[in-house]
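Let's take a walk through a protein model together. Have a look at the picture first, and then we'll go through it piece by piece.

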Amino acid sequence: MNTAILLGAVRQGRQSHRAAYYLEKRLKQQRVNIDLIDLAKHPLPVFGSPESDGSSTRKTVADIGMRLEQADAFILVTPEYHGSFSGALKNTLDYYWSEFRKKPVGVVAASSGRMAGINAATQLQHVILSLGAFPLPSKFLISNINHAFNDLYEPQLEQIDTRASKFLNEFLWFAGALYQKKRGEKVA
């Protein structure tokens, strides 16, 4: 099963990228095929703008689209900005639809405050449904993201490891069940 992590944090000084790279490392340790798509490294112009018609943009859109199409499941990672998920992530989701159709999607949201991105995560789950995808009911929410991970993407609080394990176990079960069902295998 191939899983793509779509990282929606693009601003300079971002912090939620630490969560994405931490989850990538955890999933690789479990021998999950991971493709981390960092939107800071693969920026897209605003969907529908004149810049979106350029040849380099079409190539980037096609490359990301191919990577998304190859994924059987997704984890979307976003900071919470003004009570919602990142504009860069929303813009990216506007470019794609069929790549997400009938695929499982886990949500990770982070904030610098104590609310841990709950608003961003909830809104993102609604968008996932609108894409025709299946949002994992549980979310991985990280408060005080500025202090949650060190520079090596290691959690600084035991509770992060514990909550990540719970999230990843649920995500892998959910994604695995849908993957098996699509392949016509019996789901345990």
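Which residues on the other side of helix H4 are exposed? They are His126, Leu129 and Ser130. Here "exposed" means over 50% relative accessible area, "buried" means under 20%, and "partly exposed" is in between (1.4 Å probe, protein chains only).

Before going on, a word about what you're looking at. This is a predicted model, in which local features need pLDDT of at least 70 and side-chain atom pairs count only at pLDDT 80 or more, while totals for chains, interfaces and linings use all residues. Residues are numbered from 1 along each chain as its sequence is written, and side-chain values use heavy atoms, with hydrogens and water left out.

Now for the overall picture. The protein has six helices and six strands; helices (H or I, at least four residues) and strands (E, at least two) are DSSP runs, numbered from the N terminus. The C-alpha trace spans about 45 × 45 × 30 Å along its principal axes. Of the 188 residues, 49% are buried. If you take contacts (heavy atoms within 4.5 Å) between residues at least 6 apart in sequence, 75% of them join residues at least 24 apart.

Back to H4, which covers residues 118-130. Its 13 residues reach 19 Å from the first C-alpha to the last, close to the 18 Å expected at 1.5 Å a residue (that is, 1.5 Å times one less than the number of residues). The buried residues of H4 are Ala120, Ala121, Leu124, Gln125, Val127 and Ile128. Seen down the helix axis, these buried residues fall within an arc of 160 degrees, so they line one face of H4; the arc is that of the directions from the helix axis to the C-beta atoms. What do they pack against? Their partners are strand S3 (73-79), helix H3 (87-95), strand S4 (104-110), strand S5 (134-135) and strand S6 (140-142). Just after H4 comes Gly132, with a positive phi of about 80 degrees.

Let's pick S4 out of that list. Seven of its seven residues are buried, so S4 is largely enclosed by the rest of the structure. In a regular strand, side chains alternate between the two faces of the sheet. In S4 both faces are covered: Pro104, Gly106, Val108 and Ala110 are buried on one side, and Val105, Val107 and Ala109 are buried on the other.

S4 also has strand partners (two strands pair if DSSP finds at least two bridges between them). S3 and S4 run parallel, joined by six bridges, and Val77 stands opposite Val108 in S4. S4 and S5 are parallel too, with two bridges, and here Pro104 stands opposite Phe134 in S5. Three bridges join S4 to S6, again in parallel, with Ala110 opposite Ile142 in S6.

Arg31 sits in the loop between helix H1 (17-29) and strand S2 (33-38). Its phi is near 65 degrees, a positive value in a residue other than glycine, and at 75% relative accessibility Arg31 counts as exposed. Asn144, in the loop between S6 and helix H5 (145-148), has a positive phi of about 45 degrees although it is not a glycine. Asn144 is partly exposed, with a relative accessible area of 32%.
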